[in-house]
Amino acid sequence: MLPVKKPVRDYRTLDEIRQRKDELLEDLQKDNTQFSTLWNQVFLKREDNTKADYIAGLVSNGIVAFDTFLLIRKLMKNYGSLFGFSSKKRKKRK
């Protein structure tokens, strides 16, 4: 993907520069407000969780952890030589 070239503005007076500075400041404040709103929505505290929801979450996380463990084990078994782990046991030299 090629970089997008933005049009270049020519500023002839200090008033044009100040006007552009004010526009950019407003855009930054608007983006900051939007970003902070989204950031706060990410960390909303969940309330009214029952014990059943808590246990269901634990079971779900346990299944995901176990599945991840099996996946890593399988990948290490098949592709361990790429990471420096050999599937063959090396004989110790005396």
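The paragraphs below lead from the overall architecture of this protein to its salt bridges and then to a charged patch on its surface.

The structure is a predicted model, and its secondary structure consists of two helices with zero strands. Of the 94 residues in the protein, buried residues account for 1%.

A search of the whole structure finds three salt bridges. One of them joins the side chains of E23 and R9, with a distance of 3.6 Å from N to O. This pair links distant parts of the chain, since E23 belongs to helix α1 whereas R9 lies in the segment before α1, and the two are 14 residues apart. E23 has a relative accessibility of 29% and therefore counts as partly exposed, because that class covers values between the limit for buried, under 20%, and the limit for exposed, over 50%. R9, with a relative accessibility of 46%, also counts as partly exposed.

E23 takes part in a further salt bridge, with R20, in which the closest N and O atoms are 3.4 Å apart. R20 is partly exposed, as its relative accessibility is 25%. Taken together, R9, R20 and E23 are linked in a network of salt bridges, in which E23 pairs with R9 and with R20.

Another salt bridge is formed by R18 and D15, whose closest N and O atoms are 3.6 Å apart. These two residues are three residues apart in helix α1, so that R18 and D15 are separated by about one helical turn. Both R18 and D15 are exposed.

Finally, there is a surface feature built from acidic residues. D22, E26, D27 and D31 gather on the surface in a patch of negative charge. Of these, D31 is found in helix α1, which spans residues 14-42. Is D31 buried, partly exposed or exposed? Its relative accessibility is 46%, so D31 counts as partly exposed.

Conventions:
Residues are numbered from 1 along each chain as its sequence is written. This is a predicted model: local features need pLDDT of at least 70, side-chain atom pairs count only at pLDDT 80 or more; totals for chains, interfaces and linings use all residues. Side-chain values use heavy atoms; hydrogens and water are left out. Patches are made of residues with over 30% relative accessible area and no salt bridge: like charges are joined within 9 Å, nonpolar side chains (Val, Leu, Ile, Met, Phe, Trp, Tyr) within 5 Å. Accessible areas come from the Shrake-Rupley method with a 1.4 Å probe; for residues, only the protein chains shown count as cover. A salt bridge is a side-chain nitrogen of Lys or Arg within 4 Å of a carboxyl oxygen of Asp or Glu. Lys and Arg count as positive and Asp and Glu as negative; His and the chain ends are not counted. The place of a charge is taken as NZ of Lys, CZ of Arg, CG of Asp or CD of Glu. Helices (H or I, at least four residues) and strands (E, at least two) are DSSP runs, numbered from the N terminus. Buried means under 20% relative accessible area, exposed over 50%, partly exposed in between (1.4 Å probe, protein chains only).
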